[in-house]
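Let's take a walk through this one together, going from the overall outline down to individual strands and side chains.

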Amino acid sequence: MEEREQPDPMVARAEADPHRPAYHFVAPAGWLNDPNGLGRRGGTYHLFYQYNPDAPVHGAIHWGHATSPDLLHWTDEPVALAPDTAADADGCWSGVLVDDGGVPTLVYSGHVDGRQQACLAVGTPDLRHWTKDPANPVLTGPPPELDAPGFRDHCVWREDDGWRMLVGSGVGGRGGAALLHRSPDLRSWQYVGPLLVGDAGDPAPGDPAWTGSLWECVDLLRLDDGPDVLMFSVWDDDVLHHALCWTGTYAGDRFEPAALHRLDLGGPTFYAPQSFRDDRGRRVVIGWLQEGRPEPAYVEAGWAGAMSLPRLLTVGADGGVHQEPVEEVARLRTDLLHDGPAGDGVLDTVAGDQLDLELDVLLPPGSAVEVAVRRSPDGEEQTAYRLTRGEDGTATLSLVGTAHSGEVPAGDDRVPLRVLVDHSVVEVFAGGVPLTARTYPTRADALGVAVTTAGAGATLRAWRLDGVWERPRSRRP
């Protein structure tokens with residue numbers, strides 16, 4: 001008699017959690033953080049990610065792996081990297097996927113004895129099997145004179161004379177930094193110098209654009225018909241702060257910054273983004289959505305961490321870096337729940353924990369509109385976003401009850417507002433500016449939607465969205 005595989009109790013706990021997203025990427029169970037090795041190869045999208053399959057805590061970090069035909073529906077693949085060599089015994093931390101003359105190659109941070117060092121692994125054409133380079137590590141750390149508070153996470157690309165690599169780091173007494181290196185072969189690296197150094201200074205309390213003492217997850221990219229962009233995430237004294245980017249010009253082994261931008265108004269909720277260019281020429285970015293509930297709660301639930309929806313990066317009319325969900329997300333729409341004026345109050349026909357709301361907001365100076373989701377009938381539980389416009393014409397998006405807010409474009413008094421609800425994840429985009437939140441209602445009836453206006457007008461189209469996961473899943477496919 002054939003023996004049946006026993007169900008995985010941690011996966012079962014994760015699947016039973018009502019706060020677990022249904023159309024955002026989540027690991028089968030355990031811990032998830034940074035997206036890594038994003039790309040498209042042979043018609044298939046690949047997502048690698050920081051993963052602890054053994055517990056929903058940041059422990060022995062592996063590289064998880066998933067594939068998708070459409071950036072929506074993901075298949076779990078075998079774990080790509082495990083911490084099993086002297087160069088990465090304490091974890092295989094963040095990095096990238098590159099093509100080295102037809103050979104898929106991962107460049108990642110091996111974590112050992114409290115430090116990080118650059119390591120390589122080469123893969124089979126289907127990216128499912130990986131062999132670590134016996135010469136690892138290929139780069140052991142920053143120059144000691146920098147007094148760097150850390151050294152991790154890699155951005156690697158080819159230029160005419162060979163390879164370039166940025167590593168997230170910092171310069172003691174000055175601030176975060178992206179350190180530039182060059183190599184002819186991915187294995188022999190020469191330190192060039194800082195591509196850019198920030199200014200940690202003394203931050204104002206809660207400064208949403210403070211650049212901190214260490215930059216993580218650096219990513220250098222160029223937007224079509226636009227500026228060069230240096231993305232990074234801000235770490236300081238073991239605290240994860242937020243994701244930012246500089247726009248400017250990369251030339252001659254230096255980056256000349258022009259303007260600093262916030263990548264999400266939700267503070268540390270959206271962190272460690274990584275981007276790639278797909279075969280359609282789109283610049284797509286995915287970030288890690290941290291948990292917003294206490295550790296004992298997500299340990300009991302059996303899972304922690306989700307990925308943002310894939311976002312399209314473009315240059316806005318104001319010269320800023322704008323983001324919207326990729327167009328594929330609309331394929332998940334099923335029932336059209338509302339199509340017309342948004343009204344003023346609780347919507348009778350729109351409710352649920354998997355929703356896509358599109359509002360066209362007329363927002364003249366002195367007006368406001370508020371959208372509440374995951375709302376209980378009595379309003380005691382809800383997650384609410386407020387879009388306001390001052391008499392000076394400045395439009396602001398805020399998460400009600402928090403300090404998370406920021407300015408958004410409001411050309412000709414109109415602001416497109418999109419609200420995507422997926423159980424504990426809410427991603428909102430106002431005029432191309434995102435504000436992401438996590439929400440954990442305690443009541444099963446916290447499913448309502450309400451729209452209230454003060455001098456503003458709004459039309460609404462609302463859909464229910466399908467989930468994307470086939471079950472059961474396994475922690476170690």
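What radius of gyration would a compact globule with 477 residues have, and what does the protein have? The rule for a globule puts the value near 23 Å, and the protein comes in at 22 Å, so the two agree. Keep in mind that you're looking at a predicted model. Along its principal axes, the C-alpha trace spans about 70 × 65 × 40 Å.

As for what it's built from, there are two helices and 34 strands. Of the 477 residues, 59% count as buried. The accessible surface comes to about 18800 Å², and carbon and sulfur atoms account for 49% of that. If you look at contacts between residues at least 6 apart in sequence, 57% of them join residues at least 24 apart.

Now for the sheets. Strands of a sheet pair through backbone hydrogen bonds, either parallel or antiparallel.

Strand 26 (residues 368-375) runs antiparallel to strand 27, and six bridges join them; Glu370 has Arg386 in strand 27 as its bridge partner. Moving on, strand 27 (residues 383-389) is linked to strand 28 by five bridges, again antiparallel, and here Thr388 sits opposite Thr396. These two strands make a hairpin with five residues between them, where Gly393 in the turn has a positive phi of about 95 degrees.

Is strand 28 mostly covered or mostly open? Strand 28 (residues 395-399) is mostly covered, with four of its five residues buried. On its way to strand 29 (residues 405-408) you'll find four bridges, also antiparallel, and Ala395 is partnered with Val408. This is a hairpin too, with five residues between the strands, and Gly401 takes a positive phi near 85 degrees.

There's another six-stranded open sheet to look at, in the order 23-34-25-30-31-32, with antiparallel pairing. Strand 23 (333-341) and strand 32 (433-438) are the edge strands, each pairing on one side only. Neighbouring strands of this sheet are turned by 15 degrees against each other on average, direction ignored. At one end of the order, strand 23 pairs with strand 34 (residues 457-465) over six bridges in the antiparallel sense, and Gly340 is bridged to Leu460.

Finally, the packing inside. In soluble globular proteins, nonpolar side chains tend to be buried together. The largest nonpolar core in this model has 45 residues, and Phe25, Tyr49 and Trp74 touch the most other members. Strand 2 (residues 44-52) gives the most to this core, with four residues. Which residues does Trp74 touch, leaving aside those up to four places away in sequence? The list is Phe25, Tyr45, His46, Leu47, Ala66, Thr67, Ser68 and Trp469. Apart from this core lies another, of 36 residues, with Leu265, Ala342, Val426 and Val433 among them.

Terms used
Residues numbered from 1 in each chain as written. Predicted model: local features only at pLDDT ≥ 70, side-chain atom pairs only at ≥ 80, totals over all residues. Heavy atoms only, no water. Buried < 20%, exposed > 50% of the residue type's maximum accessible area, 1.4 Å probe, protein only. Pairing = 2+ DSSP bridges. Axes fitted to C-alpha atoms, helices over the stretch in contact; angles between N-to-C directions. Core = buried A, V, L, I, M, F, W, Y, C linked by side-chain atoms within 4.5 Å. Contact = heavy atoms within 4.5 Å. Rg over C-alpha atoms; globule rule 2.2 N^0.38 Å. Areas by Shrake-Rupley, 256 points an atom, 1.4 Å probe, with all protein chains shown as cover.
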